[in-house]
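Hi,

Here is the structure I promised to pass on.

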Amino acid sequence: MNVIYPSPYWDYQVYRPTAPPILLDMKRGDVNGDGILDTVYLFGNKVDPTSLFADHITMGIQDGATHQLTIVHPPENAGYNPTLFLGDFNKDGILDIMVSMETGGSGGYGIFYIYSFQNNDLKKLFDVQQYNEQYRLHVNYEHGYKVSISSPQLDILFTIDISNKGYDYLSQFYNESGQLKQPTKGEVLALGALYPVVTNTGSTSYDLLAIQRIIGTTNADTLGNVENLISWDGHAFASKRLTVSIPGSKLITPYLS
């Protein structure tokens, strides 16, 4: 198969690559719905070919019938381990295109976009920035060694018991009677992972499992994860089930067999 590399001079006012782009990933599938396999490429620039980091990341969609190449510039175009996934997310029977990459660093954030290319008409179905704006949750330490995760917008509340965190941790925020010394907030971080999942084995389409980390007052203090199962409702992705998961702890002696 001949790989079509974008010219290093395209869109020169925006991108000024100093070396030919590198093929980061490639997938084949019918993404425009004409019954002929198309090829989707992910290109980028690397300082070192062995590096996991790439910038100026660009997607190319080559029509299997006409061989015409459509170039797509994701809004965020730099990250680690950039990959492609083809699957039907909007339930129209045609494969959509998912672009994923990692930002690196201690936050563990991810960058995700999903595009439809039905009839060679590019439409963005999912944008990570829009998701992060839509699903904002508040994290507050409460009296009695509790932490609440809430969203007035979604009309939902979760409560985590942190009484097993130990004296050194709890004494930072609570007095001996379990009352907060002062108002204390945590945070739900931006989207960290987005997984295509099959929730209906009789269907060929995918839903998405979105995961965000819940932290206390420092990034190293993971309290749990927000897990949001979202599905295409005909117009956009909507939440089908939003839950909070917490890490396990060691069994105390009475529970040991």
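This is a predicted model: local features need pLDDT of at least 70, side-chain atom pairs count only at pLDDT 80 or more; totals for chains, interfaces and linings use all residues.

Residues are numbered from 1 along each chain as its sequence is written, and side-chain values use heavy atoms, with hydrogens and water left out.

Start with His143. You'll find it in the loop between β9 (138-142) and β10 (146-151); strands here are DSSP runs of E, at least two residues, numbered from the N terminus. His143 counts as partly exposed because its relative accessible area is 46%, and that class sits between buried (under 20%) and exposed (over 50%), using a 1.4 Å probe and protein chains only.

What does His143 touch, beyond its neighbours within four places in sequence? The answer is Tyr174, Gly178, Gln179 and Leu180, where contact means heavy atoms within 4.5 Å. Ser177 is 34 residues from His143 in sequence, yet their C-alpha atoms are 9.2 Å apart.

Now the sheet. It is open and has 4 strands, running β12-β13-β14-β15 with antiparallel pairing (two strands pair if DSSP finds at least two bridges between them). At the edges are β12 (187-197) and β15 (237-245), each pairing on one side only. Strand β14 (residues 222-232) and β15 share 8 bridges in the antiparallel sense, and Trp232 has Phe237 in β15 as its bridge partner.

Cheers
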